[in-house]
Amino acid sequence: MGKKPRSQRRKKGSKLGELEAGGGGEMEGGDIEVLSETHTIADSFSTNFEDFELGDPDDEDIENVETFHQTASNNDAAVSAAMARHTKLVEALQSSEEIPTEKRSATREGYLRKLFRALTQFATGYAARETVASCDSLIPACLYGLRGGVAKPAEQYAACRVLEATAVILGGDNDEYFESIEKHLRRVVMTTTRAVQVRGAALRTLCMANFICSTDMDMTTSLLALCEEVCAPEYRHESVSSILRATALDCWALLSTTVHDAFIAGDDDFQTGRGLQILPLLSNCLDHTSVELRSAAGECVALIHESRLQLGVEKEDCDNASDRRYRRGSWDGSEWEVLMDEVKQRVAELSVESGRHMSKKAKKEQRATFREFMATIVDDEPPEEIITFRGGTLQLNSWKEVVQLNFIRHCLQGGFQIQLLTNDTLQAIFGADGRMLGDTQTLSQLEKRMMFSKTSDAAKAADQNMTKKRRNRNNVKNHFLTADGDDI
């Protein structure tokens with residue numbers, strides 16, 4: 001029998017089943033398996049439109065599509081694609097019945113990964129939503145994968161991600177679904193012996209299900225309090241990993257978009273906003289060594305600042321940044337003014353931070369991220385996020401929308417754009433029109449060759465232009481070698 005990997009060996013003097021410092025999960029026999037920080041359930045964050053547009057190429061011959069009428073062929077392709085997606089979804093949902101009877105954790109994880117892909121990329125439209133809602137084996141299969149001490153951390157993580165995607169598919173006004181998973185997921189988050197990634201995935205699932213499905217504001221307040229407890233340096237007398245703290249701040253930001261601005265940034269004789277109460281914690285997080293934690297804290301500060309500016313300001317009065325700065329929602333004269341000045345200074349420093357303690361890629365990402373935060377926190381300017389689709393673009397101009405977008409995009413991964421084009425709940429959240437964003441004119445094979453081929457006129461013109469620029473650049477470099485200032 002071969003030796004275990006070094007990361008899974010028990011340290012000398014430690015008890016069997018005791019967690020490593022980096023955070024792990026209990027496994028069968030008390031062994032430890034630690035998930036990597038970049039562990040995920042999907043292979044790619046990019047959307048694959050092949051199945052969305054035409055289904056499997058083996059199911060339909062599309063080589064001679066030009067011989068048919070263009071409109072008829074498009075309709076046939078759309079119907080065929082919808083049937084192929086629905087068939088794959090039904091097959092994946094049927095496989096959930098085999099999860100409780102499967103003995104191997106790796107095999108159960110494989111079923112859950114298949115379920116996640118089917119839910120995010122094949123569950124499109126009303127019929128798919130009804131199919132998912134009528135599947136009685138889906139939720140029990142996921143809850144079976146959350147059993148501590150039996151299921152491996154990778155299986156537990158996959159079960160959480162499937163439940164999270166299911167919440168998006170089912171849509172709003174599904175309190176029954178949220179209540180069926182709330183206690184189980186809350187127990188996972190509160191158990192400090194679970195893997196860090198599993199606890200983070202469970203917390204994300206809880207908040208996503210509450211954001212999409214639940215209508216109970218008391219439960220939203222309870223989850224906000226849970227996020228505030230988990231994002232603290234210590235939780236239940238145990239130190240909290242920076243990864244879990246950053247996840248808790250992301251979840252707090254999502255839930256705070258569902259409440260009134262006064263509940264987040266208000267300050268009067270009756271109550272103090274929850275955002276103001278955690279400002280000292282966010283200020284400390286900005287000084288942490290973890291890039292993820294600093295970015296999550298900066299996003300929360302930007303969201304709180306935006307809510308503060310919106311207090312008492314009507315929409316028609318929000319066009320001028322100077323007016324917003326000196327209205328009721330400013331920090332001037334409040335007890336939080338000094339703390340916010342320190343936060344603004346720290347955000348400005350992070351937007352231009354340099355040094356050898358970070359990689360060049362990490363520094364570039366941090367500067368770009370905190371420049372966006374600084375534009376709002378220091379200059380009172382709204383963010384600008386543009387999502388490009390085949391038929392148009394979707395523009396977001398508030399941190400509430402940006403926070404919701406990032407959270408949902410992380411949940412759906414490769415199926416994000418497909419769901420945004422077909423999911424009524426997501427379209428209502430972002431104010432999008434799926435038909436308009438997905439509308440595109442299909443080109444014939446001849447038109448594709450004329451426009452996109454390497455031998456097309458456009459490609460030849462681009463090549464000639466690049467050659468001319470390269471020649472001019474070389475002439476400038478060799479200009480000092482010429483006689484009497486004449487160019488070569």
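Is Glu335 buried or exposed, and what is its relative accessible area?

Mentor: Happy to walk through it with you. This is a predicted model, in which local features need pLDDT of at least 70 and side-chain atom pairs count only at pLDDT 80 or more, while totals for chains, interfaces and linings use all residues. Residues are numbered from 1 along each chain as its sequence is written, and side-chain values use heavy atoms, with hydrogens and water left out.

Glu335 is exposed, because its relative accessible area is 61% (exposed means over 50%, buried under 20%, partly exposed in between, with a 1.4 Å probe and protein chains only). You will find Glu335 in the loop between helix 15, residues 321–325, and helix 16, residues 337–350 (helices are DSSP runs of H or I with at least four residues, strands are E runs of at least two, both numbered from the N terminus).

For the setting as a whole, the chain has 23 helices and 6 strands. Of its 488 residues, 45% are buried. Among contacts (heavy atoms within 4.5 Å) with a separation of 6 or more, 68% join residues 24 or more positions apart.

Glu228 sits in helix 9, residues 217–230, and counts as buried because its relative accessible area is 16%. Leaving aside residues up to four places away in sequence, Glu228 touches Trp252, Arg274 and Ile278. With Arg274, the Glu228 side chain also makes a side-chain polar contact of 2.9 Å (a pair of N or O atoms within 3.5 Å, one able to donate a hydrogen and the other to accept it; sequence neighbours count only if both atoms are side-chain atoms).

Glu155 belongs to helix 6 and is buried, because its relative accessibility is 0%. Beyond residues up to four places away in sequence, Glu155 touches Ser105, Arg108, Glu109, Leu112 and Gly145. The side chains of Glu155 and Ser105 are joined by a polar contact of 2.6 Å.

Helix 6, residues 153–170, and helix 7, residues 175–190, pack at an angle of about 160 degrees with their axes 12 Å apart. That angle is why helix 6 is roughly antiparallel to helix 7. On the helix 6 side, Cys160, Leu163, Thr166, Ala167 and Leu170 take part, and they meet Tyr177, Ile181 and Leu185 of helix 7. By class, the residues of this contact are 7 nonpolar, 1 polar and no charged.

Asp173 lies in the loop between helix 6 and helix 7. Like the residue you asked about, Asp173 counts as exposed, because its relative accessibility is 65%. Most residues other than glycine have a negative phi. The phi of Asp173, however, is positive, near 60 degrees.

His237 is another such case: this residue is not a glycine, yet its phi is positive, about 65 degrees. His237 occupies the loop between strand 3, residues 234–235, and strand 4, residues 238–239. At 80% relative accessibility, His237 is exposed too.

To come back to your request, Glu335 is an exposed residue in a loop, whereas Glu228 is buried in helix 9 and Glu155 is buried in helix 6.

Terms used. Axes are lines fitted to C-alpha atoms, for helices over the stretch in contact, and angles run from 0 to 180 degrees between N-to-C directions. Angles under 35 degrees count as roughly parallel, over 145 as roughly antiparallel, 65 to 115 as roughly perpendicular and the rest as oblique. Ala, Val, Leu, Ile, Met, Phe, Trp, Tyr, Cys and Pro count as nonpolar, Asp, Glu, Lys and Arg as charged, and the others, Gly among them, as polar.
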